[in-house]
Amino acid sequence: MSAITSQKTSRNASRTIGPRTTGLGLLTALLLTGCTPSTPQPGSSSQTTAPASASATSTAAPAPSASATVPADSDETAPPQSGDTVISSTITHGWSWPGPGSPYKIAHQVTPPIAPPPEPPLPYLYAIGAGQHPSDNPPYDQMSFRFKGAFPSYEIEYVPELIQDGSGKTIPMPGTASILRVVFHSAQAHSADGTSSTIVSAPPESVGYKAITSYAQAGDFEGHVSYGIGVGRPMAAVPQTKVRVYEVEKIEQGQHLYVVAIQLDSTAWK
């Protein structure tokens, strides 16, 4: 079970884990996973939040599949379609800067296997989404990671360079001002037998937004899945771009999804 507990929160919530309020209309307002750039949504004053779920460990890393049963950039701020259900929405960290040495850390617990074969034994990455919200206050770009099975644990931190898991090699991320590293623990992005990726849809690595310019996978190895997010374009004085994190549990198109939505304040990059 998640360590997050229910309580009321506003849109720009504090960085405590698990602020919550209720109301289905407001609940859907920030159930974020990758929001369609062509249809940005206005900001809302509050969100509905509820407990998140669990997580677990893994090995190896194949490439994403081309098929897409869930749109990678579907706009979760819109009301759910018929048959879709939002179970919970939780701000795990309010707007702040997870600078080097000050990472966001969220822990979830899971006892593997979380599902019998042929399902993977750990929470597994199902889709990645990206979207823009220029009309919100503050405006932000978002990258969301949709898992199946449960919420994994994770940590988020700005780093000077993106290092590949296992090899220790530097992964180039040209044309970015800074790099936000996201590491999911007790998670995987490959099938139980290690022969294929579990990711059914994802945006191009060159995202091209104001705050989020690109992203790259840094590993899917021994129960850790890691990514680097390129933030902003090179500037003489690089701003400390703030980050907010949402967790959303939902049923969408018959899929039970656990979404970690990472939002970056795009104010400085307009």
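A salt bridge here is a side-chain nitrogen of Lys or Arg within 4 Å of a carboxyl oxygen of Asp or Glu. I'm keeping in mind that this is a predicted model.

**Entry 1, the count.** I looked up the salt bridges and got 3 for the structure.

I started with lysine 250, whose side chain meets that of glutamate 252 in a salt bridge at 2.8 Å, N to O. Is lysine 250 buried or exposed? Its relative accessibility is 6%, so I put lysine 250 down as buried.

Next I checked arginine 146, which forms a salt bridge with glutamate 252, at 3.0 Å from N to O. Glutamate 252 sits in strand E11 (residues 243–252) and arginine 146 in strand E4 (residues 140–148), so this pair ties together parts 106 residues apart in sequence. I noted glutamate 252 as buried, with a relative accessible area of 6%. Arginine 146 is buried too, at 1% relative accessibility.

I then turned to arginine 181, which has a salt bridge with aspartate 165, their closest N and O atoms being 3.1 Å apart. Arginine 181 is in strand E8 (residues 178–185), while aspartate 165 is in the loop between strand E6 (162–163) and strand E7 (170–171), so the pair ties together parts 16 residues apart in sequence.

Key: Residues are numbered from 1 along each chain as its sequence is written. This is a predicted model: local features need pLDDT of at least 70, side-chain atom pairs count only at pLDDT 80 or more; totals for chains, interfaces and linings use all residues. Side-chain values use heavy atoms; hydrogens and water are left out. Helices (H or I, at least four residues) and strands (E, at least two) are DSSP runs, numbered from the N terminus. Buried means under 20% relative accessible area, exposed over 50%, partly exposed in between (1.4 Å probe, protein chains only).
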